[in-house]
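Subject: Structure for your review

Dear colleague,

Please find below the structure that I am handing over to you. My findings follow it, and I would ask you to read them with the model open.

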Amino acid sequence: LLRRDMEEYIQADKQLLAQLGRNPTQDEIADRLGLELSEVQTLEKMVSEARKFETAKPEPEPEKAPGE
């Protein structure tokens, strides 16, 4: 359910961006999805955090000297 909500948020954001020619406001996304503004704000935070994890690269492990 949560993943679906996030996917719907992303889709609405992309559609409105294409339609409006600018980044949509949270109110516009809320109207498109039929959600309360507070729900859209929560989804926006979750999508932002998920994107951070997707783009984060794992730190390389330090090389150990032979015999360690």
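Predicted model: local features only at pLDDT ≥ 70, side-chain atom pairs only at ≥ 80, totals over all residues.

Overall picture

The protein contains 3 helices and 0 strands, and its pattern along the sequence is α-α-α. Of its 68 residues, 15% are buried. The protein exposes about 5,800 Å², and carbon and sulfur atoms supply 50% of that area.

Helix H1

Helix H1 covers residues 2-20. The buried residues of H1 are Met-6, Tyr-9, Ala-12 and Leu-16. They lie on the same side of H1, because the arc they cover around the axis is only 125°. The buried residues of H1 pack against H2 and H3.

On the other side of H1, Arg-3, Lys-14 and Ala-18 are exposed. For Lys-14, the relative accessible area is 57%; it counts as exposed because the cut-off is over 50%. The C-alpha atoms of Lys-14 and Pro-24 are separated by 8.8 Å, although these two residues are 10 residues apart along the chain. After H1 comes Gly-21, which has a positive phi, near 75°.

Helix H3

Helix H3 comprises residues 37-55, 19 residues in total, and reaches 27 Å from its first C-alpha to its last, close to the 27 Å expected at 1.5 Å a residue. Within H3, Val-40, Leu-43 and Val-47 are buried. These residues are on the same side of H3, because they cover an arc of only 60° around the axis. Lys-45 and Phe-53, on the other side of H3, are exposed. The cover over the buried residues of H3 includes helix H1 and helix H2, the latter formed by residues 26-33.

Leu-37 also has its place in helix H3. With a relative accessible area of 32%, Leu-37 is partly exposed. Once its neighbours within four places in sequence are set aside, Leu-37 is in contact with Gln-26, Asp-27 and Ala-30. Between Leu-37 and Gln-26 the C-alpha to C-alpha distance is 6.7 Å, and the two are 11 residues apart in sequence.

How H1 and H3 pack

Two packed helices are described by the angle between their axes and the distance between the axes. What are the angle and the distance between the axes of H1 and H3? The angle is about 95°, and the axes are 10 Å apart. H1 and H3 are therefore roughly perpendicular to each other, because an angle from 65 to 115 degrees is counted in that way.

Which residues of H1 and H3 meet? From H1 they are Leu-2, Asp-5, Met-6, Tyr-9 and Ile-10, and from H3 they are Val-40, Leu-43, Glu-44, Met-46, Val-47, Ala-50 and Arg-51. Among them, Met-6 and Tyr-9 are buried residues of H1, while Val-40, Leu-43 and Val-47 are buried in H3.

Yours sincerely,
A colleague

Technical notes. Residues numbered from 1 in each chain as written. Heavy atoms only, no water. Helix = DSSP H or I, 4+ residues; strand = E, 2+ residues; numbered from the N terminus. Buried < 20%, exposed > 50% of the residue type's maximum accessible area, 1.4 Å probe, protein only. Areas by Shrake-Rupley, 256 points an atom, 1.4 Å probe, with all protein chains shown as cover. Expected span 1.5 Å × (residues − 1). Arc of directions from axis to C-beta. Contact = heavy atoms within 4.5 Å. Axes fitted to C-alpha atoms, helices over the stretch in contact; angles between N-to-C directions. Parallel < 35°, antiparallel > 145°, perpendicular 65-115°, else oblique.
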